[in-house]
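Dear colleague,

I am handing over the structure we spoke of, and my notes on it follow below. Please read them with the structure open beside you.

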Amino acid sequence: MIKASFHQNSDKQIDSFLIKGHADSGPYGQDLVCAAVSAVTIGTINNLEKLTGASPQVVMDEVNGGHLGCQFDKAVSHDTALLLDNLFWVLKDIEGSYSKNIEVQVQKNNIDLD
């Protein structure tokens, strides 16, 4: 199962997320849930950098997959917050259709990207 955890700062803005695990909804290379989660998450990180000029700390396991995290050390801008909120709600929509394969949550504690 994919577990997507988001953390909000004191202003209720998402300032970090960590996505771990594998959907296991189909054979390797044909897993639609995994493909959807990867596409929207990587697209969001790329767009954060392109559209807002943000430079988040990003960690990923490029060999085994199943681990992608993003964290901001500084306060997030309105545009950055909007893109992160969009990612959260897109993943919640995927969870609504594939609840056996992905779980999305907001956690109170800071996220450890390791």
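A residue is called buried here when its relative accessible area is under 20%, and exposed when that area is over 50%. Please keep in mind throughout that this is a predicted model.

By that cut-off Thr41, with a relative accessibility of 1%, counts as buried. Thr41 is found in helix H1, and, once its neighbours within four places in sequence are left aside, its contacts are Phe17, Ile19, Leu68, Leu87 and Leu91. Two of these names return below: Phe17 belongs to an aromatic pair with Phe6, while Leu87 is among the residues with which helix H2 meets H1.

On the helices, the axis of H1 (residues 32-52) and that of H2 (residues 78-97) come within 10 Å and cross at roughly 175°. Because angles over 145 degrees count as roughly antiparallel, H1 and H2 are described as roughly antiparallel to each other. On the H1 side the contact is made by Val33, Ala36, Val37, Val40, Thr41, Thr44, Asn47, Leu48 and Thr52, and on the H2 side by Asp79, Thr80, Leu83, Leu84, Leu87, Val90, Leu91 and Ile94.

Turning to the aromatic residues, the structure holds three aromatic pairs, of which I describe two. One of them joins Phe6 and Phe17, whose rings lie 5.6 Å apart centre to centre with 35° between the planes, an arrangement that counts as tilted. This pair links distant parts of the chain, since Phe6 sits in strand S1 (residues 2-8) and Phe17 in strand S2 (residues 14-20), eleven residues apart. Phe6 is buried, its relative accessible area being 0%, and Phe17 likewise counts as buried at 0% relative accessibility.

The other pair is formed by Phe88 and Trp89, whose ring centres are 4.9 Å apart and whose planes stand at 85°, so that the pair is edge-to-face. Phe6, Phe17, Phe88 and Trp89 together form one aromatic cluster.

Key: Residues are numbered from 1 along each chain as its sequence is written. This is a predicted model: local features need pLDDT of at least 70, side-chain atom pairs count only at pLDDT 80 or more; totals for chains, interfaces and linings use all residues. Side-chain values use heavy atoms; hydrogens and water are left out. Rings of Phe, Tyr and Trp (its six-membered ring) pair if their centres lie within 6.5 Å; planes under 30 degrees apart count as stacked, over 60 as edge-to-face and the rest as tilted. Helices (H or I, at least four residues) and strands (E, at least two) are DSSP runs, numbered from the N terminus. Buried means under 20% relative accessible area, exposed over 50%, partly exposed in between (1.4 Å probe, protein chains only). Axes are lines fitted to C-alpha atoms, for helices over the stretch in contact, and angles run from 0 to 180 degrees between N-to-C directions. Angles under 35 degrees count as roughly parallel, over 145 as roughly antiparallel, 65 to 115 as roughly perpendicular and the rest as oblique. Contact means heavy atoms within 4.5 Å.
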